[in-house]
Amino acid sequence: MDEGGAEITTTECRGCGAQVSGLGGRYACGVCGWVNHWSQGSGDLPGPEADPDHPRPGRRGRTPA
Ligand SMILES: [Zn+2]
């Protein structure tokens, strides 16, 4: 199975109208630099826990309120 694979999709650039391909609904135009917002993606982005810089609960030190 191809579980977890991101689907390659194509859309029209909002900036210059070029065809841009993206993974999982996320696009970046190589012509004008337009990118769509991450929230327009397929919604299976890794959470903040996947960020190595994310302050983890239980870690000693300051935690954001
Ligand atoms: Zn563009």
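Helices (H or I, at least four residues) and strands (E, at least two) are taken here as DSSP runs, numbered from the N terminus. By that definition, the chain has zero helices and three strands. The elements run β-β-β from the N terminus on.

Two notes before I go on. This is a predicted model, in which local features need pLDDT of at least 70 and side-chain atom pairs count only at pLDDT 80 or more, while totals for chains, interfaces and linings use all residues. Residues are numbered from 1 along each chain as its sequence is written.

Now the sheet. I call two strands paired if DSSP finds at least two bridges between them. The three strands form an open sheet in the order β1-β2-β3, with antiparallel pairing. β1 and β3 stand at the edges with a single partner strand each, so one side of each is left without a neighbour in the sheet.

Take the pairs in turn. β1, residues 8-12, and β2, residues 19-23, run antiparallel and are joined by five bridges. Threonine 9 has glycine 22 in β2 as its bridge partner. The hairpin of β1 and β2 has six residues between the strands, and in it glycine 17 takes a positive phi near 85 degrees.

β2 and β3 also run antiparallel, with two bridges between them. Glycine 22, already named as the partner of threonine 9, stands opposite tyrosine 27 in β3. Two residues lie between the strands of this second hairpin, where glycine 24 takes a positive phi near 60 degrees.

Where is alanine 28 placed? Alanine 28 sits in the segment after β3, which covers 26-27.

On burial, a residue is buried if 20 or more other C-beta atoms lie within 10 Å of its own, exposed if 12 or fewer, and partly exposed in between, with C-beta atoms placed from the backbone. Alanine 28 is partly exposed, because 13 other C-beta atoms lie within 10 Å. For the chain, 5% of the 65 residues count as buried.

Contacts are pairs of residues whose C-beta atoms, placed from the backbone, lie within 7 Å. Leaving out residues up to four places away in sequence, alanine 28 touches Val20, Gly22 and Val35. The C-alpha atoms of alanine 28 and cysteine 13 are separated by 8.2 Å, and these two residues are 15 residues apart along the chain.

Last, the chain-level figure: among contacts with a separation of 6 or more, residues 24 or more positions apart account for 0%.

Terms used. Contact = placed C-beta atoms within 7 Å.
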